[in-house]
Amino acid sequence: MQATAAVLNQPNGPFTVETVDVAAPQAGEVRVAIKAVGICHTDLVIASGAMGLQFPAVLGHEGAGLVESVGEGVTSVKPGDKVLLTFNSCGGCKPCAHHEPAYCNSFVPLNMVATRADGSTRITRDGQPVADNFFGQSSFSSLAVANERNVLKVDDDADLAALAPLGCGIQTGAGGVLRSLGARSGETLVVLGAGAVGLSALLGGRIAGCATIIVVEPQEARRAMALELGATHVLDGQGDVAAAVRAIVPDGADMVLDTSGFMPVVQQAVNMLANRGRLGLLGVPGSLDAALSVPMLQLLTQGATVRGIVEGDSDPQVFLPELLAHHKAGRLPIEKFSRTYALSEINQAIEDAHHGKAIKAILLID
Ligand SMILES: [Zn+2]
Ligand SMILES: [Zn+2]
């Protein structure tokens, strides 16, 4: 079936809105009429070509829409259902069995560009394959083929334009604090970066009852947003950031969560930690060989933990409903930092995100 998609024909774009063909869903697949899709930093990192993306490609991994048709064996959703899309997982490996699908042994083939088992792509243009399957959806398109495991049915009155980014950025930030770092009431949290993920981490810290939340962010508008959302302190990331954190919390922070992948600041993160502190890394660095250097003696004498995080350790079928409830109760006011655009304005939306005019850009599709 024909669809309108924002196609990436070369590294870093621009994206061009073109007509493509989207295949019917096979067994276990769900074809979704996308109504809204967030732009996530990971889209832009992958779009740079640095991670080996082939072109042409359709990205997009914060889709939300209406189920258009389902493949054989799909029982949890039916045509007409409103759904959020999230990352995909196999459901059969050990991490999946332990409800840690973000660490699925097949995460890469199921979420990065890969063909189906029969060699076909879900998206073609003029009969030629288009790199797709991004996070099991490639949802910068009016039609996307997802899978039963990575769609979540939501209420008929759910506002898809508001909720689309729950499936990646919001669950990554909030889950990073609530699930991965296990935030407890009264603890100290430092969040590096105040994009949509960092602000969601801050909101996660608020939900957990953290006493002190320090947000480190170079853009002034984002620092102001962090304060509006309940950060107790903001820092601009210049100079010795660890010393600036310790000026606020002399014993160091219980938790530091990096959402930036910006190595000059990430390198200082260990020095921000209190004894038994936990450092979580979820910002995607700009290159494949970015490396964190950690002073071993300090790490072991402090009993500190350093860990990598994907998607906030989310088990989407469990965690997304929790986030929907937080949103409904006003504890996750993501609309405050979201801005909507038409799909045709995708390049403008990315430009605005770079310049701080939009923290979370969400594309709407008619
Ligand atoms: Zn798995
Ligand atoms: Zn993402």
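Reader: What is the volume of the second largest pocket?

Author: In this predicted model, the second largest pocket has a volume of about 230 Å³.

Reader: Which residues line the second largest pocket, and which lie nearest its centre?

Author: The lining has 13 residues, and D155, A158, L163, L324 and K328 are those nearest the centre. Strand 9 (151-153) and helix 11 (316-328) are the elements that give two or more residues each. Helix 11 gives the most, with 5 residues.

Reader: How is the lining of the second largest pocket divided into nonpolar, polar and charged residues?

Author: There are 7 nonpolar, 1 polar and 5 charged residues in that lining. Asp and Lys count as charged, while Ala and Leu count as nonpolar. D155 and K328, which lie nearest the centre, are therefore charged by this rule.

Reader: What span is expected for helix 6, and what does the helix reach?

Author: The expected span is 1.5 Å times one less than the number of residues. For the 13 residues of helix 6 (196-208) that is 18 Å, and the helix reaches 18 Å from its first C-alpha to its last, close to expectation.

Reader: Which residue just after helix 6 takes a positive phi?

Author: G209 does, at about 85 degrees.

Key. Residues numbered from 1 in each chain as written. Chains lettered and ligands numbered in written order. Predicted model: local features only at pLDDT ≥ 70, side-chain atom pairs only at ≥ 80, totals over all residues. Heavy atoms only, no water. 1 Å grid on protein atoms, 1.4 Å probe; cavity = no way out; pocket = protein on both sides within 12 Å on 5 of 7 lines; lining within 4 Å. Points joined across faces, edges and corners; volume = space filled by probe spheres on them. Helix = DSSP H or I, 4+ residues; strand = E, 2+ residues; numbered from the N terminus.
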